[in-house]
Amino acid sequence: MSANPFAWSFRGQYLTGFALCAALLAYALYVQFSMLMLPCPLCILQRVAFAAMGVAFLVGGLHAPSGRLGRGLYGLLVLIPAAAGAGVAGRHVWLQSLPPSEVPLCTGMGLEYMVEAMGPMSALSKVLTGSGECAKVDWAFLGVSMPAWTLVWFIGLGLGALWAALRKR
């Protein structure tokens, strides 16, 4: 196998995408349980999107269709959660960029409680409007917050999946 990931097979690229999603989720769990930083509802939705992408990457990598149509379908199956996750991460970054006077009030409700109390669609609507706990920046690397890094990963993995699926072989 070449050291250049752009020259790898569809299977190699998709299994690498799965490994990256698994590593990102493992790091999120490390931050939650070792660094004791509880995720806000928007963070949980981003985790769900990474998990969905990881499953699509894994199934695509294990199946490794030889036809362009099959690879394109797997590219679409990765792109959908990548786009949803990028939308949630973008909203999260926007909330973090608000001046303190415009930050919404904290709800104090966890995502699980909101789903049970309001139903899934109302809870999703409430989560996407944001709250004060989502606007707080607890973690940064190179001056960039975690939601901004997840946005970069969603875009990179989504474009990588499309490139792997649609390139000529």
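These legends describe close-up views of a predicted model. Local features require pLDDT of at least 70 and side-chain atom pairs pLDDT 80 or more, while totals for chains, interfaces and linings use all residues. Residues are numbered from 1 along each chain as its sequence is written, and side-chain values use heavy atoms, without hydrogens and water.

**View A. The largest nonpolar core has 18 residues.** A nonpolar core is a set of buried Ala, Val, Leu, Ile, Met, Phe, Trp, Tyr and Cys residues joined through side-chain atoms within 4.5 Å; buried means under 20% relative accessible area with a 1.4 Å probe, protein chains only. Tyr14, Met53, Phe57, Val78 and Phe154 touch the most other members. Helix 1 (10–33), helix 2 (41–63), helix 3 (68–97) and helix 7 (146–166) each supply at least two residues of this core; helices are DSSP runs (H or I, at least four residues) numbered from the N terminus. A second, separate core of 5 residues includes Leu42, Val88, Leu95 and Leu98.

**View B. Surroundings of Tyr14.** Beyond its neighbours within four places in sequence, Tyr14 is in contact (heavy atoms within 4.5 Å) with residues including Phe57, Arg71, Tyr74, Val78 and Ala161.

**View C. Gln46 in helix 2.** Gln46 is buried, with a relative accessible area of 3%. The side chains of Gln46 and His92 are joined by a polar contact of 3.0 Å. A polar contact is a pair of N or O atoms within 3.5 Å; within protein, one must be able to donate a hydrogen and the other to accept it, and residues adjacent in sequence count only if both atoms are side-chain atoms. Leaving aside neighbours within four places in sequence, the contacts of Gln46 also include Val88, Pro147 and Phe154.

Conventions:
Buried < 20%, exposed > 50% of the residue type's maximum accessible area, 1.4 Å probe, protein only.
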